[in-house]
Amino acid sequence: MSTHPGGDDRDVLDRPAPPPDLQVRYGPLAEHLADVRWPVGDTPAAALVVVVHGGFWRSEYDRSHTGPQCAGLAAAGFAVSAIEYRRTGQEGGGWPGTFEDVDAALRTVPGLVAAAAQQERRAVDVTRTVLLGHSAGGQLAAWAATRSYPGVVGAVSLSGVLDLALADALRLDDGPDGPAVHALLGGSRDQAPERYAASDPTRLGAPAIPVVAVHGDRDGIVPLELSRSYCAATGQRLVVLPGVGHFAPIDPFSGAWPQVLDAVRTLAS
């Protein structure tokens, strides 16, 4: 358990968590999977939270590190589904495969969860689905928020890479294959302007559903300025967490967690 007030220990990434209750498949590829957890306790018509994991879109990071976060959401009374998608470094990952997978998951997974809930006689209301993405997953959630998905009523970005042009300029997560955004989109903003224009939440205009950007002011991995820029451009709500770093918003043991739950509950209500 984290003992830091901001709860920014990286141990949340590999902290053990209860396994999901079931797994559903939303497509034919190996990555087309989603873990499902049912709400803990008697929650009438629990809203669904679809979790989009982070990791700078890279193949080293998958949905397994969302276990504590998803268990915390289930304990708070939500049905939860953590989706997987192709990432850079994998065949088909990056542009456009990563985006195609997230789109397919959001069109399919809520219905699969609803069918499984009915079979198990659980009350889950997928007409109140909230997207919850961390880091790179925050970008994917905000991108998806500009599209239309039945039952999806809002999105929460946690420590999100919400301004891809700024992330490009800052060369975030620079590696052998270049900065993370270059690997995702196949080059810099100058090299692939059409791809940036089609995927950068800050430049896609106002979303179709409300987005809440939650970001710590001590985030040394994805600077707060990326969420500030997004909210200034789109008019969406920004929640700044004083003294909080990059990982606290996905840690149910952190001081930031109640504000995350508040954002999800507000959108689901």
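Q: Which residues does W38 touch, leaving out those up to four places away in sequence?
A: In this predicted model, W38 touches D21, L22, A74, F78, V113, A116, A117, E120, R122 and V124.

Q: And which residues touch the most other members of the largest nonpolar core?
A: W38 is one of them, together with W57, L131 and V161. That core has 53 residues.

Q: Which helix gives this core its largest share?
A: Helix α2, residues 97–119, contributes eight residues, the largest share.

Q: What does a second core include?
A: A separate core of 30 residues includes V12, A248, I250 and L267. As a general point, nonpolar side chains tend to be buried together in soluble globular proteins.

Q: Turning to helix α1: why is it described as largely enclosed by the rest of the structure?
A: The helix spans residues 67–75, and seven of its nine residues are buried, so the rest of the structure largely encloses it.

Q: Which ones are buried?
A: The buried residues of α1 are G67, P68, Q69, C70, G72, L73 and A74.

Q: What do they pack against?
A: The partners are the strands β2 (33–37), β3 (46–52), β4 (79–83), β5 (124–134) and β6 (152–158), along with helix α8 (257–268).

Q: What about G77, which follows α1: is its phi positive or negative?
A: The phi of G77 is positive, near 100 degrees.

Q: Now G160. Where is it found?
A: G160 lies in the loop between β6 and α4, the latter covering residues 164–170.

Q: Is G160 buried or exposed?
A: G160 counts as buried, because its relative accessibility is 0%.

Q: Which residues does G160 touch, again leaving out those up to four places away in sequence?
A: G160 touches S135, G138, H215, V222, L226 and S227. For L226, the C-alpha atom is separated from that of G160 by 7.3 Å, although the two residues are 66 apart along the chain.

Q: Changing topic, what volume does the largest pocket have?
A: Its volume is about 170 Å³. The pocket is lined by 15 residues, and the closest to its centre are G55, F56, Y61, H246 and F247.

Q: How does that lining divide by class?
A: The lining has five nonpolar, six polar and four charged residues.

Q: Lastly, what is the mean pLDDT?
A: The mean is 95, and 97% of the residues reach 70 or more. Over residues 1–7, however, the pLDDT is below 50, and that stretch has 18 contacts in the model beyond near neighbours in sequence.

Notes:
Residues numbered from 1 in each chain as written. Predicted model: local features only at pLDDT ≥ 70, side-chain atom pairs only at ≥ 80, totals over all residues. Heavy atoms only, no water. Buried < 20%, exposed > 50% of the residue type's maximum accessible area, 1.4 Å probe, protein only. Helix = DSSP H or I, 4+ residues; strand = E, 2+ residues; numbered from the N terminus. Contact = heavy atoms within 4.5 Å. Core = buried A, V, L, I, M, F, W, Y, C linked by side-chain atoms within 4.5 Å. pLDDT = per-residue confidence, 0-100. 1 Å grid on protein atoms, 1.4 Å probe; cavity = no way out; pocket = protein on both sides within 12 Å on 5 of 7 lines; lining within 4 Å. Points joined across faces, edges and corners; volume = space filled by probe spheres on them. Nonpolar A, V, L, I, M, F, W, Y, C, P; charged D, E, K, R; others polar.
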